[in-house]
Structure formats: structure tokens, C-alpha cells
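Open the model in your viewer and keep the selection panel at hand. The tour makes two stops.

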Amino acid sequence: FKAVNDTLGHPVGDRLLGLVSQRLAKLMTENELIGRLGGDEFAVVMREVNATATAEDLARTIIDTLSQPYEIDQHTLYIGASVGMAVSPRDGRTAETLIRSADLALYRSKDRGGGVFHAYEPQLHSEAEERRVLEMSLRRALEKGQLHLVYQPVVNAHDGALRSFEALLRWNHPEIGPVSPAKFIPIAEEARLIGPIGDWVVRTACEEAARWPSDIRVAVNVSPTQLHNPQFTTVVASALANSRLAPSRLDLEVTESVFLREGTGATRILDQVLEMGVGLSLDDFGTGYSSLGYLGKTRFSSIKIDRSFTQAAAAGSAEAIAIIRAVVALATSLDMATVAEGVESEAELHMIQQLGCTRIQGFYFGRPLPVMEARALAARHDRAMRAA
């Protein structure tokens, strides 16, 4: 729904909400009451539920009904729906408690990718409390120096020579120890902390890369939220100027999700960054929305093939092998490099070489390294190049 508002405007979004309301109203019987809570959230109250299956059947019907296409001003629009359910008195005896329980169940449905329903479970409350505590800690983590970067090598597929490092964010909590990025990055994005944290990552990675040999680049992951901030180009320019790192030695890695909110100006921000001479890499290609049109929107210098394809191809999947071949052929025709992620064995290395990928990233050539180990590896590369 947000993508519709951003790309086609709020009047179209309002009309879409009207059509959604009409479809929902038609599903209601005398046993249900429906209303809009705000934004794109609706609530259904079932007066009598003899069995949980009754509510589940309605949840499935709602998802299926709302997922059908909408026609507005010659636009065919597709949206999805996620549903969270709570049942009284099991999940709460007051309206406030029931809504909170249904909300927690809705978050679980969205976490699972949307288009599904989930019933409230007691552990959802404890998970929400853990999330709240982590968010509070994360707000202080940057100023307390608990965040740091590690650097994973990216090598030439032909001879294994070091080409670059990818800077990866890590959080070492003083009480619970290391927190997985898969857990704290989504929290940072939802709590709008990804902006200041992402700015720090760009500055720190540039400062570190300036210590390496001049032929070694650094790649930094950038979230869609950062690219919808008009000041992001200033952040990049300042980081390059203060570190004295050549723009050509910095790569920004973005995923296809950036383009889903094009109306907010992400493409324009990327063009401004490219004008500085910074490289751009399309990360996790093939795992998201996978429209080849994205490759025509921006001048990418490389495409990263997700490790899931590498692993599947190594296991003999004909589909994965065909996809990698197709991506390599496409990248070659567009003068882009291809980076195969997740290479962990010699057999996988040989397979990737045969498929024509130009660069490799994976445990076979190195795990994410602490800063001093990355410096040492860069220094060894420099000595080897001088000796050659």
C-alpha cells in the first residue's frame, strides 16, 4: 500500500483503500463487525466463535480476497494482506488486551513474509519484550562503542587475488554478548536508528579502507531507508573527503527493495552517488523481486549472486546452474562483474569458475575478519603484488 502512495499518489491510495473496504464489507455477516483502525489496518470482531477454525477460515478468505487485482485509472494494482488473530478470553478479556494480542500476532505474520495469518501465542509477548529491550540497548550502542565492523574478503575468481572487502556490522552487547545482525538490523530499521548507524558504518569503513593498498576497495551495505534521506549524498561525500579515500575505492551495496519506493527519490540519490565516482553493487540478486528492469534504472558495476544459488548449484540443481549462467551472461553484456557468495569448498570454487563468475566471496577464502586481521591480509596482498 505504501508503494502505491509513493508512486501513484495519495488520491489513488485513498481510492484503493475504498475498494479494500468494499471487499471486506461484503465478507461480513451479522456475526462480524469491521472497522478501519487507521492507515492500511482494519479490525474484524467476531461476536461468536464456536471453533478456532471459523476465524481461520475468515482469515484465509480475507487474504485471498484482498490479494485479487484492483483496477484504478487504468492501473492494475496488486497488494497483499497479513492477519493476526486473538480469541477471548484465552488471549485477553478486555478490548485493549485483545487488540494488543492480535497486533503481536500480526507482526509475526509480517515477519514471515506476509500473505499469511497467525494466531496469538504467549511467547509472542516475551519476544516483543525482548525486542523492546534490544531497541533500548541499541539506541545507546553506538555512543557506547559497542558496534564494530568486520571485513570479509572478495577475491578474483581466476587466481584468488584479493580485490576488496565487504564491511559487515556487528554488535557485542555487554550483557548478552554478540547479537545477530539478522535480529538487530530489522530493529534498527523499524526504530529509525538505521540512519545514524548507517552513516557511522560509511565513515568507519572509508577511514579503514584508506589504510589499505590503493587497489583494494571496500563495500558497504546501504538500506532503503538511508537512500530515502536526501542528505545521504552529503554523508558519503563527507566520509570520502575526511578519510581521503578515492571515490572509486568505495562500493555501495543495495538490494532490489530499494526500487519499490522509487517515488521517494532513491534512484535520484543513487545517480548522485554515482556521479561522485562511487561504485554500485546489486546485492542478493534473484532472491527478491528479480525484475531485470532494475538493472536498467541504475549503472551497477557488479551483481552479487546470493549464496542460496551457489549452494543449490553445488548440490546439482539444474535450475540454479541455469540461473547463474544467465546472470553471468547478462552481467557480461552490461559490462558488470559477478560476485558469487557462499563459496565454502574447492568443489564449489571450481564450479563457480566454470560458470564464469568473476569474483568470489565465501568462507573458502575467508570469514569476516576483525580489523587488524583484515589489515594484515591487505598488507600481504600488497607485498605479493610488489614481488610479482
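**Stop one: a strand and its neighbours**

Select β11 and β12 (residues 279-285): these strands pair in the parallel sense over 4 bridges. Pairing here requires at least two DSSP bridges between two strands. Helices (H or I, at least four residues) and strands (E, at least two) are DSSP runs, numbered from the N terminus. This is a predicted model, in which local features need pLDDT of at least 70, side-chain atom pairs count only at pLDDT 80 or more, and totals for chains, interfaces and linings use all residues. Residues are numbered from 1 along each chain as its sequence is written, and side-chain values use heavy atoms, leaving out hydrogens and water.

Zoom in on valine 254, which stands opposite leucine 282 in β12. Pick asparagine 221; its bridge partner in β11 is glutamate 253.

Show the side chains of β11 (residues 250-254). How many of its residues are buried? The count is 5 of 5. Buried means under 20% relative accessible area, exposed over 50%, partly exposed in between (1.4 Å probe, protein chains only). Leu250, Leu252 and Val254 point one way, Asp251 and Glu253 the other. In a regular strand, side chains alternate between the two faces of the sheet.

**Stop two: a helix with a covered side**

Select α14 (residues 346-355). Its buried residues are Glu348, Leu349, Met351, Ile352 and Leu355. They lie on the same side of α14 because they cover an arc of only 165° around the axis, taken from the directions from the helix axis to the C-beta atoms. Turn to the other side: Ala347 and Gln354 are exposed there.

Next, show α12 (307-314), α13 (318-333), β14 (337-341) and β15 (359-361); the buried residues of α14 pack against them, with contact meaning heavy atoms within 4.5 Å.
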